[in-house]
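This report describes one protein structure for a reader who is new to the subject. Please examine the sequence and the structure below before reading on.

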Amino acid sequence: MRMKFDILTLFPNMFSSPLRESILGKAIEKGLIQIRTVNIRDFTSDKHQVVDDTPYGGGQGMVMKVEPIARAIESVKAQNPSAWTVYLTPQGKPLHQDLARRLSTQPHLILLCGRYEGVDERVRESLVDEEISIGDYVLTGGELAAMVVIDAVSRFIPGVLGSDRSAEEDSFYNSLLEYPQYTRPPNFRGHCVPEVLLSGNHSAISLWRRKEALRQTSLRRPDLLAKAELTEEDKKLLEEILKENFN
Ligand code: 4HQ
């Protein structure tokens, strides 16, 4: 087993289908990844299995109690003492490709999914190793964020994407957006595939793709372009793009 994920959640059913289809489903079948859910409610010790309570100091909403979460994490760590515990929260480090790559070097991740107003602060102080955010918006719970992390991380595990394809070749690896893709037919309602892609001239195709990647990035994500390491050829292509915009 290359990598294990244990998801701590109040809604384990949310994970039954999304991570078991397509590429991740195959990765599970091949034994490259293992994904398990742990229901935090199973670690309550009262008759009504209460997992949340009102916030000290007042205010709206409910806070997830520390003890069931502590026991749930400890139950996973009893078997796997070195597991790395991540809490999904808008206050965490923004998820990006480099962070996903680093997480993929961990043999075992515990992903803690909060609901309501989040978890008691003492969970974060004493039980969580790292906090991660998937973006500046508010979800109803950490479950979808955990799925995003598992998906982005799993792509870095050798074999998950298939033998002749690696995550290092993807968009963001060279900090540019991808070039446009086309498949048959060559003409769809008057919208034609660029001639060069039909030419069979591989060096011309590579050059066109690099130029279009630069064009997409400068149009849509100039922030990425500013960070990219550009070759002399890239700079020449960007000048061509600029000139084309004046005509
Ligand atoms: N939430 N990135 C609030 C998120 C979130 C995000 C998860 C909602 C935690 C308590 N998580 N719960 N954005 O919005 O990771």
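The structure discussed here is a predicted model. With a relative accessibility of 33%, Q49 therefore counts as partly exposed.

Q49 lies in the loop that connects β2 with β3 (52-53). Its phi is positive, at about 55°, although Q49 is not a glycine.

The surroundings of I7 illustrate the packing. Not counting residues up to four places away in sequence, I7 touches F15, L19, I35, R36, T37, V38, L111, C113 and I150.

Which residues of α1 are buried? They are L24, G25 and A27. Viewed down the axis of α1, these buried residues fall within an arc of 160°, and so they line one face of the helix. The buried residues of α1 pack against β2 and α5.

The face of α1 turned away from the buried side carries S22, K26 and E29, which are exposed. Of these, S22 has a relative accessible area of 55%; because exposed means over 50%, S22 belongs to that class. S22, which is placed in helix α1, has a positive phi of about 55° although it is not a glycine. After α1 comes G31, whose phi is also positive, near 75°.

F11, M14, Y137, L139 and L144 make a nonpolar surface patch of about 420 Å².

One of these residues, M14, is found in the loop between β1 and α1. M14 has a relative accessibility of 30%, and therefore counts as partly exposed.

## Strand β2 and the residue Q34

Q34 is located in strand β2. Is Q34 exposed, partly exposed or buried? With a relative accessible area of 24%, Q34 is partly exposed.

Leaving aside neighbours within four places in sequence, Q34 is in contact with M1, M3, K4 and F5. Q34 and G61 are 27 residues apart in sequence, and their C-alpha atoms are 34 Å apart in space.

## A cis peptide bond

The backbone also contains a cis peptide bond, which runs from R184 to P185 and has an omega near 5°. P185 is situated in the loop between α5 and β8 (187-188).

How values were computed:
Residues are numbered from 1 along each chain as its sequence is written. This is a predicted model: local features need pLDDT of at least 70, side-chain atom pairs count only at pLDDT 80 or more; totals for chains, interfaces and linings use all residues. Side-chain values use heavy atoms; hydrogens and water are left out. Contact means heavy atoms within 4.5 Å. Patches are made of residues with over 30% relative accessible area and no salt bridge: like charges are joined within 9 Å, nonpolar side chains (Val, Leu, Ile, Met, Phe, Trp, Tyr) within 5 Å. Accessible areas come from the Shrake-Rupley method with a 1.4 Å probe; for residues, only the protein chains shown count as cover. A salt bridge is a side-chain nitrogen of Lys or Arg within 4 Å of a carboxyl oxygen of Asp or Glu. Helices (H or I, at least four residues) and strands (E, at least two) are DSSP runs, numbered from the N terminus. Buried means under 20% relative accessible area, exposed over 50%, partly exposed in between (1.4 Å probe, protein chains only). The arc is that of the directions from the helix axis to the C-beta atoms.
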